[in-house]
Amino acid sequence: MIFFNIWSVLHWYVRPFVKWFLRKTTRLCELQRICYGDKAGAQRTCNVEKSLILSRTKDVKEVIAFLDAVVVERRFIPENFDDILYPSISIIMRTKKIDNKLHPTFAPSFRQCLQQIWSYKQLIDEVEDLRCTQYDYQNSTHEEKLLKLWNLLQPHEPLEERISKQWQDIGFQGDDPKTDFRGMGLLGLENLLFFATIYPQVSSHVLSHSRHPKYGYTYAIVGINLTSMAYYLLQDGSAKTYMFNAKHYLPNIDLFHRFYCYLFFEFDKMWIESKPENIMEFSMIFKKFENAVRSKLTDPASVFRIKIEIDNI
Amino acid sequence: MGLLSILKKLRSNTERELRLLLLGLDNAGKTTLLKQLASEDVSQVTPTAGFNIKSVLSNGFKLNVWDIGGQRKIRPYWRNYFENTDVLIYVVDCSDHQRLQETSFELAELLQDEKLRGVPLLVYANKQDLSTALPSSEVAQHMGLHLIRDRTWQIQACVATDGTGVKEGMEWVCKNIPVKK
């Protein structure tokens with residue numbers, strides 16, 4: 001603890017000198033060194049974010065405050081990127097004395113970082129909204145989504161009644177799923193629905209595992225617990241590695257759903273491989289899984305893909 | 001007598017460990033109650049697959065609270081957690097009128113089990129903040145609690161989400177621990 005305090009004080013005083021020294025010797029500012037030296041993705045974007053947060057330049061602080069305000073208004077979307085980012089980037093380039101003609105690659109690379117950083121911030125707010133929306137059985141869109149989930153997971157078996165024991169076939173606790181979403185609200189349902197919609201084969205494969213006579217588990221309930229894991233990983237910033245390394249996507253709600261699908265697929269694999277005695281081993285295996293995911297997320301070079309091995313042929 | 005042994009003696013006096021078992025139907029509020037006892041955030045609870053366990057310090061006792069999932073599929077495993085239980089805490093969702101009978105039945109089953117013989121029972125009549133919730137006296141009557149003769153018992157109205165009544169219940173628990181050793 002004491003060591004940490006001394007280090008943070010030292011860091012505060014020493015950092016400007018180190019930066020000044022590097023600037024003089026490399027003729028590049030810190031942001032340039034990061035954008036040229038670090039690999040695109042989580043490594044570069046996280047370092048740019050760190051550098052911006054630590055900056056004591058007034059103009060940089062103002063740009064950060066401006067972008068944060070845009071996120072609060074939920075206007076940080078691709079259509080607005082030009083209007084928002086063009087002035088922000090030119091302010092920073094002017095204060096840092098970066099000549100666009102001499103350094104034509106800086107702006108696009110820096111812009112990509114800004115897009116990722118503030119999309120992630122906006123995503124946290126959007127996910128929180130969904131989580132705070134309680135599942136409401138009197139809301140027809142909520143009910144439609146629930147029924148759609150049934151039809152996607154059980155295409156050949158019609159639901160006989162809205163209140164039915166059949167819900168347990170897809171791993172809800174009782175005869176009405178409405179109370180199972182709890183603290184994850186609509187986010188839990190949206191996650192399950194996305195998994196079944198975008199990865200129909202993978203999700204039905206996982207569902208069939210959950211019905212294994214010996215190693216079975218409750219699909220929907222485990223899914224809602226995975227929603228909570230994904231939610232915490234997003235909140236505390238651990239999910240940045242996943243989000244910033246996703247090559248063709250910016251952090252948005254779809255990418256969050258994809259992250260969830262990855263977690264579900266991987267959890268299922270670990271569960272089956274662990275050969276659990278019964279469902280009472282869930283908390284232990286779940287914790288083990290979370291630790292494995294967290295350690296993978298600490299490596300900025302990690303790439304996350306659902307590797308489908310067709311084991312049922 | 002060395003310092004170490006004095007310290008050890010002090011420790012053993014102040015920290016008696018107790019095993020509390022939290023049971024009840026799914027959606028009764030067991031995990032919320034557990035989190036409330038541990039002063040954790042209760043707004044992000046998920047259904048329990050398996051069980052949760054937390055240690056809480058209260059009135060000089062170290063309470064090891066076991067929260068076991070309440071869904072029907074898990075109930076057969078409840079028995080595996082009965083051994084050495086000091087106090088049984090049973091949570092009832094008082095707004096769930098339809099399943100009042102089911103919850104009474106499950107409790108009656110528990111009370112007949114040999115491993116839980118004589119174990120004090122605290123029933124939390126939860127969700128008293130909902131307009132549809134039955135008062136605790138009525139819940140006690142429905143469940144036939146007054147017919148219990150083989151153990152001390154108590155019913156405590158509570159709201160697990162904001163903590164109302166939870167402390168009172170735990171005070172009862174600490175006062176009614178069976179004398180051991």
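1. In this predicted model, the centres of domain 1 and domain 2 of chain A, taken over C-alpha atoms, are separated by 35 Å. The domain assignment places domain 1 of chain A at residues 2-131 and domain 2 of chain A at residues 137-297.

2. The two domains of chain A touch through 14 residues of domain 1 and 18 residues of domain 2. On the domain 1 side, the elements that contribute two or more residues are helix H3 (42-54) and helix H6 (106-132) of chain A. H6(A) supplies the largest share of that side, with 10 residues. By class, the domain 1 side holds 7 nonpolar, 5 polar and 2 charged residues.

3. For chain A, UniProt lists "domain: ELMO" at residues 141-297, in an unreviewed entry. In the model, residues 141-297 of chain A are 63% helix and 0% strand.

4. Helix H7 of chain A covers residues 140-153 and has 14 residues. From its first C-alpha to its last, H7(A) reaches 20 Å, close to the 20 Å expected at 1.5 Å a residue. Its buried residues are Leu146(A), Leu149(A), Trp150(A) and Leu153(A). Viewed down the axis of H7(A), these buried residues fall within an arc of 100°, and they therefore line one face of the helix. They pack against helix H8 (185-198) and helix H9 (200-210) of chain A. The other side of H7(A) carries the exposed residues Ser140(A), Thr141(A), Glu144(A), Leu147(A) and Asn151(A).

5. The contact between the chains takes 20 residues from chain A and 15 residues from chain B. On the chain B side, 6 of the residues are nonpolar, 7 are polar and 2 are charged.

6. Two backbone angles deserve a comment. Arg27(A) has a phi near 60°, a positive value in a residue other than glycine. Arg27(A) sits in the loop between helix H1 (2-26) and helix H2 (30-37) of chain A. Arg27(A) counts as exposed because 9 other C-beta atoms lie within 10 Å, and the cut-off for exposed is 12 or fewer.

7. In chain B, the phi of Asn27(B) is near 65°, again a positive value in a residue other than glycine. The loop that holds Asn27(B) runs between strand E1 (16-24) and helix H2 (30-37) of chain B. Is Asn27(B) buried or exposed? Asn27(B) is buried, because 22 C-beta neighbours lie inside 10 Å and the cut-off for buried is 20 or more.

Methods
Residues are numbered from 1 along each chain as its sequence is written. Chains are lettered from A and ligands numbered from 1 in the order in which they are written. This is a predicted model: local features need pLDDT of at least 70, side-chain atom pairs count only at pLDDT 80 or more; totals for chains, interfaces and linings use all residues. Domain bounds come from an automatic or database domain assignment. Two residues are in contact if their C-beta atoms, placed from the backbone, lie within 7 Å. Helices (H or I, at least four residues) and strands (E, at least two) are DSSP runs, numbered from the N terminus. Ala, Val, Leu, Ile, Met, Phe, Trp, Tyr, Cys and Pro count as nonpolar, Asp, Glu, Lys and Arg as charged, and the others, Gly among them, as polar. UniProt positions are given in the numbering used here, feature names are shortened, and annotations may be inferred rather than shown by experiment. The expected span of a helix is 1.5 Å times one less than its number of residues. The arc is that of the directions from the helix axis to the C-beta atoms.
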